Amino acid sequence: MPVVWDDDCRLHDPGAEIWIGVRTPAVETAARTDAILEALRGAGAPVVDAVPHDDAALLAVHDAALLDYLASAWAEWDGAGLPADPGQDRVVPYVFAHAGLTSSPAVPTAVWARPGYYCYDTMTLIGPGTWEAARAAADSALTAVDLVLDDAPAAYACCRPPGHHVCRACYGGSCYLNNAAIAAWELASRLGEPVAILDLDAHHGNGTQEIFWEREDVLVGSVHVDPGAGWFPHFAGFAGETGGGANRNRPLAPGSGDDAWLSAVSELAAWAAGAAALVVPLGVDAAGGDPESPLQVTSAGFREAGRILGGLALPTVVVQEGGYDLERIGPLVLETLLGLESALR
Ligand SMILES: [Zn+2]
């Protein structure tokens with residue numbers, strides 16, 4: 001299947017993340033997509049360039065103020081001299097617009113306070129190139145939509161940075177624009193029929209859930225490690241969250257492997273079978289050995305998940321999300337896409 005890529009996705013270099021106050025090396029790096037592209041090219045997949053798109057789909061799923069902030073955050077931070085004094089070379093919040101802080105939070109005047117209005121964690125740093133990369137990832141997802149609405153049965157968007165943790169008006173979780181939501185909105189509006197999003201990332205796609213919470217024509221299903229067992233995104237992803245009726249979460253206990261995971265994938269696929277198109281936010285961090293998740297899915301499990309989703313025989317856009325084991329991320333994505341293709345044929 002076509003692999004959509006934009007070199008600008010390499011421009012984002014967070015350098016670090018601040019986790020429980022400690023500056024640690026970034027795990028969401030360009031080496032991730034380098035490894036994926038190497039594996040897919042090695043298997044003979046055709047790689048096509050992303051095509052620039054206008055902002056219509058971005059504005060449909062995100063607040064204009066968030067987009068404006070993301071586009072200008074680095075220049076504003078740099079212009080305020082913060083890289084020199086106090087010496088912070090990335091945009092990172094130190095205070096947050098918590099619901100209890102004020103009933104109507106206004107965007108702070110201070111440049112150093114402003115990130116906390118839009119960003120909900122300290123792990124999602126902005127530097128030079130972050131916006132360009134995030135925008136390129138959105139273009140990649142939209143280009144994959146174009147391909148499946150043309151004549152490709154499926155297309156894979158090699159998006160980086162990832163997107164499924166971005167809500168309508170706030171970003172976090174190493175994500176800046178919700179590529180999968182953008183793709184789903186575009187598919188739903190152009191088809192005029194219901195679409196389904198089935199999120200395989202090890203972490204709950206809280207942003208996608210929030211964006212489509214009330215929409216009955218965009219089914220949002222997710223299988224992920226149970227946030228109640230102590231895992232990101234902590235505040236969302238529980239089984240009881242059903243939104244307007246078209247949201248379904250299948251949280252799994254830490255340590256769950258192929259049996260439990262594939263059973264949830266099968267159930268979600270059956271639930272989504274009536275949709276006119278499918279978006280798959282594909283994180284491969286559910287694999288055993290991934291440093292960011294305790295799930296234990298095997299390579300064969302990912303191929304089987306691809307086969308199950310391909311069995312729906314829907315126009316399918318696969319969007320890259322997480323996966324942090326640089327040795328295995330490429331082969332795991334390849335296995336999933338091979339499974340999907342084998343069923344679509
Ligand atoms: Zn993840």
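Tyr-117 has a relative accessibility of 28% and therefore counts as partly exposed, a class lying between buried (under 20% relative accessible area) and exposed (over 50%), computed with a 1.4 Å probe on protein chains only. The model is predicted: local features need pLDDT of at least 70 and side-chain atom pairs count only at pLDDT 80 or more, whereas totals for chains, interfaces and linings use all residues. Residues are numbered from 1 along each chain as its sequence is written, and side-chain values use heavy atoms, with hydrogens and water left out.

**Aromatic pairs**

- The structure holds 4 aromatic pairs, a pair being rings of Phe, Tyr or Trp (its six-membered ring) with centres within 6.5 Å; planes under 30 degrees apart count as stacked, over 60 as edge-to-face and the rest as tilted.
- One of them joins Tyr-117 and Tyr-118 edge-to-face, at 4.9 Å centre to centre and 80° between the planes.
- Tyr-118 has a relative accessible area of 8% and is therefore buried.
- Trp-261 and Phe-302 form a tilted pair, with 4.9 Å between the centres and 55° between the planes.
- This pair links distant parts of the chain, since Trp-261 lies in helix H8 (residues 258-271) and Phe-302 in helix H9 (residues 299-310), 41 residues apart; helices (H or I, at least four residues) and strands (E, at least two) are DSSP runs numbered from the N terminus.
- Trp-261 is buried at 0% relative accessibility, and Phe-302 is likewise buried at 0%.
- Tyr-69, Tyr-117 and Tyr-118 are linked into a cluster by ring pairs.

- In strand E9 (residues 277-282), 6 of the 6 residues are buried.
- Side chains in a regular strand alternate between the two faces of the sheet.
- Strand E6 (residues 195-199) runs parallel to E9 and is joined to it by 3 bridges; two strands pair if DSSP finds at least two bridges between them.
- Val-279 in E9 is the bridge partner of Ile-197, and Val-279 also stands opposite Val-317 in E10.
- E9 pairs with strand E10 (residues 316-320) in the parallel sense over 5 bridges.
- E9, H9 and E10 make a right-handed β-α-β unit: with the strands pointing away from the viewer, the path from the first strand over the helix to the second runs clockwise.

**An exposed loop residue**

- Ile-20 is placed in the loop between strand E2 (16-19) and strand E3 (22-25).
- Ile-20 has a relative accessible area of 69% and is therefore exposed.
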